[in-house]
Amino acid sequence: MKALLTVISLVVLMLGGVSTAFAADSVPTPKPAKAEAVVPKNVVNINTADAQELTKLKGVGEKKAEAIIAWRNENGGFKTVEDLLEVKGIGEATLEANRENISI
């Protein structure tokens, strides 16, 4: 009789463990959140930025920032990002290094 009770107890314990395992498997796993669109943090509007803001661009110091502002004032502003190439001291490398961070 003791042996029978021991076997029944073991079966009950095993079934309890199995049902817990099945319950854990049936819990849906949360889906990862969708990635948000990457928006550049340091976008500089070359038609409105002051010299300090323009110096946030790679390769643009005070003199180049002042040259950008002077060109903007003389020509009525930039119509395209490529217009920056008209500014003395701004070349292809500087433009390409900053293209994603420039707005008009």
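Figure 1. The model shown is predicted. The protein chain comprises 4 helices and 2 strands, and these elements follow the order α-β-α-α-α-β from the N terminus on. Of its 104 residues, 21% count as buried. The chain exposes about 8000 Å², of which carbon and sulfur atoms supply 61%.

**Figure 2. Close-up of the salt bridge between Arg99 and Glu82****.** The side chains of these two residues meet at 2.6 Å, N to O. This pair links distant parts of the chain, 17 residues apart: Arg99 lies in the loop between helix 4 (92-98) and strand 2 (102-103), whereas Glu82 lies in the loop between helix 3 (62-75) and helix 4. Arg99 has a relative accessibility of 30% and therefore counts as partly exposed. Glu82 is likewise partly exposed, because its relative accessible area is 38%.

**Figure 3. Close-up of the salt bridge between Glu96 and Arg99****.** The closest N and O atoms of Glu96 and Arg99 are 2.7 Å apart. With a relative accessible area of 44%, Glu96 is partly exposed.

**Figure 4. The salt-bridge network of Glu82, Glu96 and Arg99****.** The structure holds 2 salt bridges. In general, side chains of opposite charge can pair when their charged atoms come close.

Notes
Residues numbered from 1 in each chain as written. Predicted model: local features only at pLDDT ≥ 70, side-chain atom pairs only at ≥ 80, totals over all residues. Heavy atoms only, no water. Salt bridge = Lys/Arg side-chain N within 4 Å of Asp/Glu carboxyl O. Buried < 20%, exposed > 50% of the residue type's maximum accessible area, 1.4 Å probe, protein only. Areas by Shrake-Rupley, 256 points an atom, 1.4 Å probe, with all protein chains shown as cover.
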